[in-house]
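Reader: I'd like to learn how to read a few features of a protein model. Could you take me through them one at a time?

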Amino acid sequence: MSSLDVLRDRADAALMHTYARQPLEIVSAHGAWVRDADGRELIDLVGGIGVNVLGHSHPAVTRALTEQATVLIHTSNLYYTAPQVELAERLIATAFEGRVFLCNSGAEANEAAIKLARKWGRRHRGGATGIVALTGAFHGRTLGALAATGNKRYREPFEPLPAGFVHVDANLDAISATVDDGIAAVLLEPIQGESGVVPVEDDLVARVRALCDERDLLFMVDEVQSGMGRTGRWWAHQHAGVVPDVMTVAKGLGGGVPVAAVLASPRADVLEPGDHGTTFGGNPLASAAACAVLRTIEEEHLVERAARIGEYLRESLLSLRADGVPVAAVRGRGLMLAVVLEEPVASRAGRAALDCGVIVNAIGDSVLRLLPALTISEAEIDEGLRRLREAFAIARTEGGA
Ligand SMILES: Cc1ncc(COP(=O)(O)O)c(C=O)c1O
């Protein structure tokens, strides 16, 4: 039995069966590369689903964690710690004026945003607590975040969910038509990641912002997946030239360390002592890691790099057509891209890719999602796509295509 088989059996026995895991045991990782239990090196084009923005084991993150761990790992939010304040200040500097609440995951950040919107609506909109979200939205798995999530497949097994969410298609008329006296906020991902990297047009983002101004609503953006420089701007909504009232952040923020945040503009900053809290949120260890990530992105100009390398990746993906890979389109922005396939071979290609030494993420039958580190090199992209080409040849042969 291989090491993977043994581990898989142990995992089957000991871990809840909540994930359909790929047949890969990762033992270490560096930069854009991961090493499996047999010592094979694979190129990672998924980056922990958008988490490892600096690649694996970036020295800045390792150093920050090591140094912070020797002086102070955790206290509680009953006291002040400098890394937490620095993190909030750094986030504000990349985004907009306001204040920050620190927590641990994307779902948790969205929970806080939902509570904030409800309190704001009670105070400023005659008791309105409703939130308009989009049909293809994914906001997380906790009950409030799940209620905001559009996909019924995720929601229905866990009903009853908190009330007060309306889902509409991504168009202004539909959104506008749902806004009544009961609505307090509109929540959207500028690029919907989990539903297959589906961008909301900049023009629509700008119009929704304007609608929120006209109808006195909060405009809330979930940048959990699209943020941290990945799309070629610090935050994807910035492509539309707008400023939201509330923004949620997670995934890449800690470069692999669980940490998340909610930013609220002065208009939306309504939470007070006793309204919300979390034991671990923004603890010194996580905050030090996140500060290191934000500092490194800035120092190494990785936001601009994501835009540039993202174009290179997009062009390279489109050029796979010349080798018979059934690429219908490449969508997304910067280093948040999806290959849309003309044939339903995505999961077979994803599996074959592992054998060929490259990690990609299949979504449904016909989409491959790529969220590589912002530090990935052109040579690594070339090698990754060479391996992906091989994987497609295998997948299409297996499928009789
Ligand atoms: C846009 C978006 N929001 C929220 C979440 C939930 O984040 P977490 O898994 O950290 O709770 C995700 C996770 O994929 C996401 O992509």
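Reader: Is R141 buried or exposed?

Author: Burial is judged by relative accessible area: under 20% is buried, over 50% exposed, and in between partly exposed, with a 1.4 Å probe and protein chains only. R141 has a relative accessible area of 55%, so R141 is exposed. R141 lies in the loop between strand 5 and helix 6; helices (H or I, at least four residues) and strands (E, at least two) are DSSP runs numbered from the N terminus. This is a predicted model, where local features need pLDDT of at least 70, side-chain atom pairs count only at pLDDT 80 or more, and totals for chains, interfaces and linings use all residues. Residues are numbered from 1 along each chain as its sequence is written, and side-chain values use heavy atoms, leaving out hydrogens and water.

Reader: Over which ring does the charged end of R141 sit?

Author: A charge counts as over a ring if NZ of Lys or CZ of Arg is within 6 Å of the ring centre and within 35 degrees of the ring normal. Here the ring is that of Y154, with the charged end of R141 4.4 Å from its centre.

Reader: And how many aromatic pairs are there?

Author: A pair of rings is described by the distance of the centres and the angle of the planes. Rings of Phe, Tyr and Trp (its six-membered ring) pair if their centres lie within 6.5 Å; planes under 30 degrees apart are stacked, over 60 edge-to-face, the rest tilted. The structure holds two such pairs. In one of them, F138 and Y154 have ring centres 5.4 Å apart and planes at 75 degrees, so the pair is edge-to-face. F138 is in the loop between strand 5 (130–134) and helix 6 (143–148), and Y154 is in helix 7 (residues 152–155), so the pair ties together parts 16 residues apart in sequence. Both F138 and Y154 are buried.

Reader: Where does UniProt place the feature "binding site"?

Author: The unreviewed UniProt entry puts that feature at R141 and T278; positions follow the numbering used here, feature names are shortened, and annotations may be inferred rather than shown by experiment. From this set, T278 is in the lining of the second largest pocket. A pocket is an open set of points on a 1 Å grid over the protein atoms alone, with protein on both sides within 12 Å along at least five of seven lines; lining residues have an atom within 4 Å of a point.

Reader: Which residues are closest to the centre of that second largest pocket?

Author: Of its 28 lining residues, they are N77, Q84, V100, F101 and L102.

Terms used
On a 1 Å grid over the protein atoms alone, a cavity is a set of points where a 1.4 Å probe fits but cannot get out, and a pocket is an open set with protein on both sides within 12 Å along at least five of seven lines; lining residues have an atom within 4 Å of a point.
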